[in-house]
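This report describes one protein model. It begins with the whole chain and then turns to two details.

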Amino acid sequence: MAPGNGTCYKPMKATSNGVFQGDTPLDFALPLAILQICLVVALTRALAFVLRPMRQPRVIAEIVGGILLGPSALGRNHEYLNTLFPVKSLTVLDTLANLGLLFFLFLVGLELDPKALKRTGKKAFAIAMAGIGLPFIMGIGTSVVLRGTISKGVSGPPFLVFMGVALSITAFPVLARILAELKLLTTDVGRMAMSAAAVNDIAAWILLALAIALSGTGSPLVSLWVLLCGAGFVIACVVILPRVFAMMAQRCPDGEPVDEIYVCATLCCVLAAGFVTDTIGIHALFGAFVVGILVPKEGAFAGALVEKVEDLVSGLFLPLYFVSSGLKTNVATIHGAQSWGLLVLVIVTACFGKIVGTVVVSLLCKMPFQEALAVGFLMNTKGLVELIVLNIGRDRKVIQFPFFFSSYLFL
């Protein structure tokens, strides 16, 4: 059934018999998905090449590519949209995109080293809390205004928390790549920004899990059960998985190839964790993120996991997620003085709260003003994680997706 219009479509078969048998390949799921992936990768890579002289990360090219392929640009041609991205194919596209996203969040967790957070001490923790606390509070205040204008009828508490999380989170993966490109990872500013962003991300995911639990359509007791089961899942993972992963890492000495069975077992564990958290009612991505955090960072094991997974996920599947989001969004929905005024409000709330909160606490921690300002701007890095929050909020019918996705583009 097509979303929103009640139209039913005949399920697509996987493969065709070929044009010589009278079949049109674009009427079948597999050849259409192959063409979509090739189109998306070609466009996003071309945009990344064009934006490279401006030193823009590839995530910017992927966001722009998603918008260009959707109804905001090329999708205004309905013949193109119905041929290459028909509604009946979006389930397959969304499934592939979310599967890649699952492993991307596993890689994000894999990059977070809890031991490194301990070494940075209280300073990084204080900066992170300021970087998420002030914009979170301001986001809740902004959400009160939005509920009275463009978001009437949405559920109150989940909307407040989703808005706070979406405006206060720091894109840890994007920040890591920006610092690496600028050769700042080993500097004091780079280490402080990375540690603060890691704490920020962990806190934001905890708040996101709370928001998802509150967004359930059942009684408050159901939300309580979701939170309790989620906490039980995390505790079980913390107790069991580090021992299992440590055993695998010990059997993968440096300088020798990592046994494929350990890589396969870890990836299956990621999928199983995603299944459990999705069954609980949180989100499959949360389970993958938890597993990634618990993998030991020392030795060849973690490096082998990144090497096996990263290229396939970031090269093929992640661009699909941006296109999947872009196909659901029309930037033209922002029109009129009220919409543009609210857009400015969202941008100012997100940027002002994040930068000012971080800079003030950094100065209180006796950092030089120039370094404090640099950390403030780095902590304001936006990326895929914010888009994930918006998509989850849209799927839960908590937020008005087109406006907020468009606002995110301007951030």
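## Overall picture

Of the protein's 411 residues, 49% count as buried, meaning under 20% relative accessible area with a 1.4 Å probe and protein chains only; exposed is over 50%, and partly exposed lies in between. The model is predicted: local features need pLDDT of at least 70, side-chain atom pairs count only at pLDDT 80 or more, and totals for chains, interfaces and linings use all residues. Residues are numbered from 1 along each chain as its sequence is written, and side-chain values use heavy atoms, leaving out hydrogens and water.

The secondary structure comes to 16 helices and 0 strands. These are DSSP runs numbered from the N terminus (helices: H or I, at least four residues; strands: E, at least two). Among contacts (heavy atoms within 4.5 Å) between residues at least 6 apart in sequence, 76% join residues at least 24 apart.

## Helices H2 and H12

The axes of H2 (residues 58-69) and H12 (residues 300-326) come within 7 Å and cross at roughly 45°. Axes are lines fitted to C-alpha atoms, for helices over the stretch in contact, and angles run from 0 to 180 degrees between N-to-C directions. The contact is made by Arg58, Val59, Glu62, Ile63, Gly66 and Leu69 of H2 and by Ser314, Gly315, Pro319, Phe322, Val323 and Gly326 of H12.

## An aromatic pair

The structure holds 1 aromatic pair. Tyr80 and Phe85 form this pair, with 6.2 Å centre to centre and 70° between the planes, which is edge-to-face. Rings of Phe, Tyr and Trp (its six-membered ring) pair if their centres lie within 6.5 Å; planes under 30 degrees apart count as stacked, over 60 as edge-to-face and the rest as tilted. Tyr80 counts as buried at 17% relative accessibility, and Phe85 is buried with a relative accessible area of 3%.
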